[in-house]
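Me: I would like to learn how to read a few features of a protein structure with DNA, one at a time. Could you start each answer with the general idea and then turn to the case at hand?

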2 protein chains.
Amino acid sequence: MPKTSTQKFYKPSITADVVVFTIEDSLLKVLTVKRADEPFKGTRALPGGFILPGSDSMGTARRILKEKAGLEGIYMEQLYTFDDPKRDPRGSVVSVAHFALVHRDAISLETSSHTQDPTFTPLKHTGTLAFDHKKIIEYAYERLRGRLEYTNIAQSLLPKEFTFSELQNVYETIFSKKLDKRNFRKKIERLGLIKATKKKIKRGRQRPALLYTFASGKAESFKNPF
Amino acid sequence: MPKTSTQKFYKPSITADVVVFTIEDSLLKVLTVKRADEPFKGTRALPGGFILPGSDSMGTARRILKEKAGLEGIYMEQLYTFDDPKRDPRGSVVSVAHFALVHRDAISLETSSHTQDPTFTPLKHTGTLAFDHKKIIEYAYERLRGRLEYTNIAQSLLPKEFTFSELQNVYETIFSKKLDKRNFRKKIERLGLIKATKKKIKRGRQRPALLYTFASGKAESFKNPF
DNA sequence: CCAAAAGTGTTGACTGTACACCCATGT
DNA sequence: ACATGGGTGTACAGTCAACACTTTTGG
């Protein structure tokens, strides 16, 4: 480590942790791994680790997701920095937490000797988690609901082409609330978030559904009350 | 510094910076101080400094506001963590930035040998600032607009009792947009954010205005589109 | 009586919400 | 023929946006 003029200052350690959400079987699930080291060795925790020289926290989060779960190229944004000096029994360890979304069918988790048994668990049944990771997940869940209300972030939980029902299922699952089919369709159409393709998908003994895609690749705020 | 098990890891330095907004003369202003040390010695910058052992970043932000500007007891929330490893010429210095609001008349800035010439400058005329502080202020301004749209945060920019015009002025100043007096009043009344007192205030040669107070001390989200 | 800010209502367009039936397909 | 999810319209209530005049005071 080079001697710089910042060397003289007290330095807490800094880690990056990630809350990866996905929807599977109409359940909101979160990714956890089994801790390989003390403290909390063997307990499940959010994937995370120390920031290496020259890296930022999101780069670190991405590196760790790849190492610990074989997961790459997913939507991610910074969530919040958890910096209670008592949150880690080893002493001050600041966690810059991130929030990520993935379409479950787009990825497969690697379970190998290098990974740490990465598993998507229903949000309500994570069991005990290391550190303050339950609290971090709660915070991420709030963020998820907020983003869903005001942006087109649902696209990160869906394949490129999807049916109206699949989109509605994302909203219903995350808000734990049944929505009216007709009203939901009108609302989404008015917002202009998605456009119809010319394809239909047949799935079982129902009428085939039209496939849609999102109109814009990046996030937009829906409305401004003033 | 105690030898803990985290000692072996690379540690960037961590600072806390604060963006304090206020409204004065119908202008949105931001607090800056003059840097006492290198790098950027003499350049204006956001108040900020290194986190001390046992402190969290918000505690640090509050301590520094008090030391560098004589400012205490104001609304504050965590904003974002800026962690580009190249943002500080000395090497990796992570900044946990905070967002604060104050009613200009409620405070007076201390200018003494201990402080660093704390000044509220109009947002559009801050001039050159140290590090990436311009970017941090931009981010804070976005947050401010978002909070104003969906919460009752305006109360942190107003005295306990205020007139409808003063409230409207907060919104108009921050959104840089004239609002219709009647529609604004109806909207705010419908939200139930504020309640009338029995007092009127006379100010000059106009009809006296009714004074209002906020109904709830803490933030509430206005509405959910789903 | 004049200047200045305070305060007040109506209308038309749009959005939200509640609600029930027919459609296209596979079995 | 039936079960399954796909797809559609209408009516009422609430909200948004545009717009102008009267009131109360001090000077």
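Reply: Let us begin with charges and rings: a charge sits over a ring if NZ of Lys or CZ of Arg is within 6 Å of the ring centre and within 35 degrees of the ring normal. Please keep in mind that this is a predicted model.

Me: Which residue lies over the face of B:Phe226, and over which ring does the charged end of B:Lys187 sit?

Reply: A:Lys187 lies over the face of B:Phe226, at 4.8 Å from the ring centre, while the charged end of B:Lys187 is placed over the ring of A:Phe226, 4.8 Å from its centre. B:Phe226 also belongs to one aromatic cluster with A:Phe164, A:Tyr171, A:Phe175, A:Phe184 and A:Tyr212.

Me: How is a pair of aromatic rings described?

Reply: One gives the distance of the centres and the angle of the planes. Over all chains the count comes to 27 aromatic pairs. Among them, B:Phe164 and B:Tyr212 have ring centres 4.9 Å apart and planes at 80°, so this pair is edge-to-face. The pair links distant parts of the chain, with B:Phe164 in helix H3 (residues 164-175) of chain B and B:Tyr212 in strand S9 of chain B, 48 residues apart. Both B:Phe164 and B:Tyr212 are buried. B:Tyr171 and B:Phe175, by contrast, form a tilted pair, with 6.2 Å from centre to centre and 45° between the planes; these two are 4 residues apart in helix H3 of chain B, which means that about one helical turn separates them.

Me: Why does B:Tyr171 count as buried?

Reply: Buried means under 20% relative accessible area, and B:Tyr171 counts as buried because its relative accessibility is 1%. B:Phe175 is buried as well, with a relative accessible area of 13%.

Me: Turning to the DNA, which residues come nearest to DNA strand C?

Reply: Of the 22 residues around DNA strand C, those that come nearest are A:Arg190, A:Arg205, B:Ser165, B:Lys181 and B:Lys186. Sugar and phosphate make up 48% of the atoms of DNA strand C that come within 4 Å of the protein. A phosphate oxygen of DNA strand C is 2.6 Å from a side-chain N or O atom of A:Arg190, whereas for B:Lys181 a side-chain N or O atom is 2.7 Å from a base nitrogen.

Me: How many residues of the surface near DNA strand C are charged?

Reply: The residues of this surface divide into 13 charged, 5 polar and 4 nonpolar, and the largest share of the surface, 5 residues, comes from H4(A).

Notes: Residues are numbered from 1 along each chain as its sequence is written. Chains are lettered from A and ligands numbered from 1 in the order in which they are written. This is a predicted model: local features need pLDDT of at least 70, side-chain atom pairs count only at pLDDT 80 or more; totals for chains, interfaces and linings use all residues. Side-chain values use heavy atoms; hydrogens and water are left out. A residue is near a molecule or strand if one of its heavy atoms lies within 4 Å of it. A polar contact is a pair of N or O atoms within 3.5 Å; within protein, one must be able to donate a hydrogen and the other to accept it, and residues adjacent in sequence count only if both atoms are side-chain atoms. Ala, Val, Leu, Ile, Met, Phe, Trp, Tyr, Cys and Pro count as nonpolar, Asp, Glu, Lys and Arg as charged, and the others, Gly among them, as polar. Rings of Phe, Tyr and Trp (its six-membered ring) pair if their centres lie within 6.5 Å; planes under 30 degrees apart count as stacked, over 60 as edge-to-face and the rest as tilted. Buried means under 20% relative accessible area, exposed over 50%, partly exposed in between (1.4 Å probe, protein chains only).
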